[in-house]
Amino acid sequence: MALHVPKAPGFAQMLKDGAKHYSGLEEAVFRNIKACKELSQTTRTAYGPNGMNKMVINHLEKLFVTNDAATILRELEVQHPAAKMIVMASHMQEQEVGDGTNFVLVFAGALLELAEELLRMGLSVSEVIEGYQKACKKTLEILSDCVCSSAENLHDVKQVTALIRTAVMSKQYGNEDFLANLIAQACVSIFPESGNFNVDNVRVCKILGCGVTASSMLHGMVFKKEAEGDVTSVKDAKIAVFSCPFDCMVTETKGTVLIKNAKELMDFSKGEEDMMEAQVKAIKESGANVVVTGGKVADMALHYANKYNLMVVRLSSKWDLRRLCKTLGSIALPRLTAPTPEEMGHCDNVYTAEVGDTQVVVFKHEKEDGIISTVVIRGSTDNLMDDIERAVDDGVNTFKVLVRDKRLVPGAGATEIELAKQITSYGESCPGLEQYSIKKFAEAFEALPRSLAENSGVKGSELISKMYSAHHDGNKNIGFDIEGEGPAVKDMLEAGILEPYLVKYWGIKMATNAAVTVLRVDQIIMAKPAGGPKPPQGKKDFDEDD
């Protein structure tokens with residue numbers, strides 16, 4: 001009979017073997033704070049225009065070189081449960097406003113770091129949380145006083161370029177003016193009078209070669225495909241879109257054909273050819289001169305398409321097919337039939353072109369009131385183009401945020417220092433113990449200008465004291481001048497470095513919620529992970545495949 005070994009009394013006695021549990025301030029709270037601090041420190045160096053890039057290789061061995069916090073976190077696959085909460089908050093920020101993900105991480109990390117100091121001083125967790133929540137509520141009230149201007153006309157490319165520039169600058173410092181102008185053109189051209197803007201309608205097509213400044217923007221869509229047949233260009237195109245293969249119909253049931261002699265065989269194949277020709281002819285007679293198909297193109301069908309002078313384009317992605325239908329105003333037909341005029345799409349110009357050494361098919365609208373516009377990105381490496389794509393994505397999201405709320409606050413740490421100054425004086429007017437955590441909440445805002453300064457090689461403390469003295473004199477738009485010598489400051493409203501109000505609003509809200517959620521945890525209980533033993537790594541004892 002096996003000897004029964006009793007378990008240690010306490011909580012562990014109730015759990016299965018292999019389960020872990022941590023409780024109390026030392027084991028749970030400080031451990032969680034440490035994990036979140038580590039994560040925040042990782043992305044802090046990537047904050048701002050002079051932020052460093054991270055080289056991330058994901059589980060599929062794909063290489064990412066970027067300073068975009070959202071991409072870094074998505075590819076890192078963070079395992080620690082507390083750090084995951086902060087990652088979730090930054091993902092929510094990405095979904096809500098599409099920018100400011102690093103702001104959430106840096107700010108939440110600073111809040112938790114200062115909370116640790118308060119807890120070690122002897123405050124209870126609930127007092128820290130209460131102070132943080134009070135301070136957050138007050139901050140969001142004060143934030144509307146920091147608004148320094150608003151976007152008057154979002155149909156004016158020049159004005160939109162100036163507003164998008166700040167968001168693009170943090171990803172592509174040096175190319176921001178050129179890229180912001182491209183993105184502004186793309187957004188304004190598809191922004192309807194009704195005011196509904198869809199981010200998905202600005203497409204990006206990346207073509208290797210040349211330099212960033214060779215990028216361009218056009219109304220319509222660009223696909224990295226070649227035209228299937230002989231016809232490579234059609235002006236004033238009437239387009240039939242099919243979601244099925246461009247081939248003759250296969251019968252639903254299996255049938256067996258008994259052929260007795262050569263003549264019957266000839267007649268049989270002739271009948272198939274005639275049927276295919278009739279279908280292509282019917283499409284041509286309906287007025288269509290371009291066929292877009294979502295499946296394969298049969299050789300025989302292509303032969304007749306060339307005979308009737310039809311341009312054939314094949315798209316493998318059903319999403320591309322849907323977007324193209326949206327651009328052209330056509331309906332994708334599920335079977336090869338002649339389209340009615342309502343089902344056909346229209347495009348001013350469909351042509352194939354060679355960009356670098358890549359063949360592309362372009363569906364171009366001459367008028368500017370199209371539904372979809374495309375930014376064609378050129379670059380020397382795939383990683384560079386991916387990074388530019390993320391900058392375009394941020395710019396387009398900034399435009400969308402401004403459509404929702406046109407208010408703007410000064411960037412480069414000006415808003416943060418103004419909030420810190422006002423929240424500190426609010427903390428001093430509070431009687432209870434939470435005044436300490438309110439002051440620490442204000443101090444956490446200093447982490448952002450400090451990161452900007454340190455990433456630019458400037459002493460953070462010097463810069464922050466300079467900014468405070470300027471703000472105490474009533475200049476609430478004074479922020480860090482990145483291009484100046486040493487810890488220089490200047491007026492951000494005049495410099496045109498502005499951020500959307502909603503990016504800051506949601507960023508502060510998400511970061512505080514995440515920090516408070518992490519602080520509320522006083523016990524971590526981890527069950528034993530499911531699954532049997534792991535298979536041996538590499539080819540240890542496996543037979544060689546023949």
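Two residues are in contact when they have heavy atoms within 4.5 Å of each other. The legends below use that term. This is a predicted model, in which local features need pLDDT of at least 70 and side-chain atom pairs count only at pLDDT 80 or more, while totals for chains, interfaces and linings use all residues. Residues are numbered from 1 along each chain as its sequence is written, and side-chain values use heavy atoms, with hydrogens and water left out.

View 1. Start with Thr161, which sits in helix α6; helices (H or I, at least four residues) and strands (E, at least two) are DSSP runs, numbered from the N terminus. Setting aside neighbours within four places in sequence, Thr161 touches Asp177, Ala180, Asn181 and Ala184. Is Thr161 buried or exposed? Thr161 counts as buried because its relative accessibility is 13%, where buried means under 20% relative accessible area, exposed over 50% and partly exposed in between (1.4 Å probe, protein chains only).

**View 2. Helix α2 and its surroundings.** Six of the eight residues of α2 are buried, so this helix is largely enclosed by the rest of the structure. The buried ones are Ala69, Ala70, Thr71, Ile72, Leu73 and Glu75. Which elements do they pack against? Their partners are α1 (24-44), β2 (54-57), β3 (63-66), α3 (81-96), α4 and α11. Just after α2, look for Glu77, which takes a positive phi of about 55°.

**View 3. The largest pocket.** Rolling a probe the size of a water molecule over the atoms shows where empty space is left. Here, on a 1 Å grid over the protein atoms alone, a pocket is an open set of points where a 1.4 Å probe fits, with protein on both sides within 12 Å along at least five of seven lines; lining residues have an atom within 4 Å of a point. The largest pocket has a volume of about 800 Å³, a volume being the space filled by probe spheres set on the points, which are joined across faces, edges and corners. Its lining has 49 residues, and Asp99, Thr166, Ala167, Ser170 and Lys171 lie nearest the centre. Which element gives the largest share of this lining? That is α11, with six residues. Elements that each supply at least two lining residues include α2 (69-76), α6 (157-169) and α17 (501-520). By class, the lining has 19 nonpolar, 12 polar and 18 charged residues; Ala, Val, Leu, Ile, Met, Phe, Trp, Tyr, Cys and Pro count as nonpolar, Asp, Glu, Lys and Arg as charged, and the others, Gly among them, as polar.

**View 4. The second largest pocket.** About 320 Å³ of space lies in this pocket. It is lined by 13 residues, and those nearest its centre are Val202, Arg203, Val204, Glu389 and Asp393. Two or more lining residues come from each of β5 (202-208) and α11. How does this lining divide by class? It has six nonpolar, no polar and seven charged residues.

**View 5. Gly457 in its loop.** Our last stop is Gly457, in the loop between α14 (447-455) and α15 (460-472). Gly457 is exposed, with a relative accessible area of 68%. How many residues separate Gly457 from Thr358 in sequence? They are 99 residues apart along the chain, and 41 Å apart in space, C-alpha to C-alpha.
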